[in-house]
Amino acid sequence: QIDSRVLIVTTSIGISVYPDDGVTAEVLIKNADTAMYFAKEKGRNNYQFFNSSMNARAVERQQIEANIRGALDRNEFVLYYQPKINLDTGGITGAEALLRWRYGNDEPVLPARFISIAEDCGLIVPIGHWVLREACSQAQKWNTSSLTPMTIAVNISALEFAQANFFENVRAILEETGLAPQLLELEITEGVLMRDVISSAEILQKLKAMGVQLAIDDFGTGYSSLSYLKQFPIDVLKIDQSFVSDILSCDDEGVIVSAVIGMGNSLKMRVVAEGVENQTQLAFLKARNCEEGQGYLFSHPIDAEYYTKLLKQGSEVVCPA
Ligand code: C2E
Ligand code: MG
Ligand code: MG
């Protein structure tokens, strides 16, 4: 405790064992260091024993780090879009923009492989800026060519949110693209908001005053205080997919999902279920009046061209993988 603030300090530990992991101090320390990075990647506050596959991963990590540096300039990023569905009507209410990296000739690389690296080397800031501009500009194109305006949701990383000019950037991009602030939804995780509660609340209030919608992503997985959540001007709770995948039958207790839906309703927040994959989960969510859902059952994330076709065909279409 420092003055009135309680600071929570955690430790990440990497362990290497003599002689299996190295016979010299230098090698042992290097391998323990590699293992420590894995402990951090696993969410910090844990320990990892070194194993040789970690070296292969560390090499891949270095390669990604070297290649991601020029990726923006080489135009290698692309946004995919996944529709969000009103569970009552089956209509599309909006889309979430999801980042993909065209690297090599294979399938686009998923965020799990590169976002944390881009965060570590600070590149997530210019990348996030590009994502926001691209998503707003694409949404504006769709909205000017269609009668029913839809929202576009954009994921915001901790580092972007912590930039002093974050709010100004959002405002400038909205102005530049012409997208109405009400149609932009920023997805932020609990952990990011809780890092600095006072400054988070200030930024959120400014965004809210401008009309931007605010969503808590992966709700239920972070460390957060419900009383703080009430102070943030949140519009949407996105129930993390791990809870949705726990629903095994229609009468399944699915207690966390039910509780979050109930809480969202009481706090007057919209609730979106992430990762809806089957009819059982859909029936469960509908029976508990969950407003919106997103998941492979409705559509995988798809590129802008395919998404345009989806909008033209109408929302009842379930896309192939
Ligand atoms: P998220 O924001 O929670 O996004 C949902 C993730 O679940 C997406 O993974 C999506 O493809 C996947 N998903 C959707 N429906 C289903 C389903 O029915 N079943 C399963 N198992 N998964 C489903 P993706 O695209 O790989 O993105 C992973 C995470 O990377 C995102 O989680 C988000 O935290 C982050 N991310 C994605 N794009 C961006 C971005 O532009 N900026 C930042 N900062 N983070 C991003
Ligand atoms: Mg998200
Ligand atoms: Mg999520």
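**Conventions.** I number residues from 1 along each chain as its sequence is written, and I letter chains from A and number ligands from 1 in the order in which they are written. For this predicted model, local features need pLDDT of at least 70, side-chain atom pairs count only at pLDDT 80 or more, and totals for chains, interfaces and linings use all residues; side-chain values use heavy atoms, with hydrogens and water left out.

**Entry 1: shell of ligand 1.** I looked up the residues around ligand 1 and found 22, taking a residue as near if one of its heavy atoms lies within 4 Å. The closest are Arg-100, Asn-155, Asp-217, Glu-277 and Tyr-296. The shell divides into eight nonpolar, six polar and eight charged residues. Here Ala, Val, Leu, Ile, Met, Phe, Trp, Tyr, Cys and Pro count as nonpolar, Asp, Glu, Lys and Arg as charged, and the others, Gly among them, as polar. Strand S4 (92–101), helix H3 (111–120) and strand S7 (213–219) each supply at least two shell residues. S4 gives the largest share, four residues. Helices (H or I, at least four residues) and strands (E, at least two) are DSSP runs, numbered from the N terminus.

**Entry 2: atom pairs at ligand 1.** I then listed N and O pairs. A backbone N or O atom of Leu-99 lies 3.1 Å from a nitrogen atom of ligand 1. The side chain of Asn-155 places an N or O atom 2.8 Å from a ligand 1 oxygen. For Asp-218, a polar side-chain atom is 3.1 Å from an oxygen atom of ligand 1. Taken alone, ligand 1 exposes 800 Å², and the protein buries 82% of that (Shrake-Rupley method, 1.4 Å probe).

Entry 3: Glu-96 in strand S4 and Asp-217 in strand S7 are 121 residues apart, so the pair links distant parts of the chain. Glu-96 is buried at 4% relative accessible area, and Asp-217 is buried at 7%. Buried means under 20%, exposed over 50%, partly exposed in between (1.4 Å probe, protein chains only).

**Entry 4: ligand 3.** Asp-218 is partly exposed, at 25% relative accessibility. Asp-217 bridges the magnesium ions, ligand 2 and ligand 3, which lie 4.1 Å apart.

How values were computed:
Polar contact = N/O pair within 3.5 Å; in protein donor to acceptor, adjacent residues only side chain to side chain. Donors = N, O, S within 2.8 Å, 3.2 Å for Na, K, Ca; no water.
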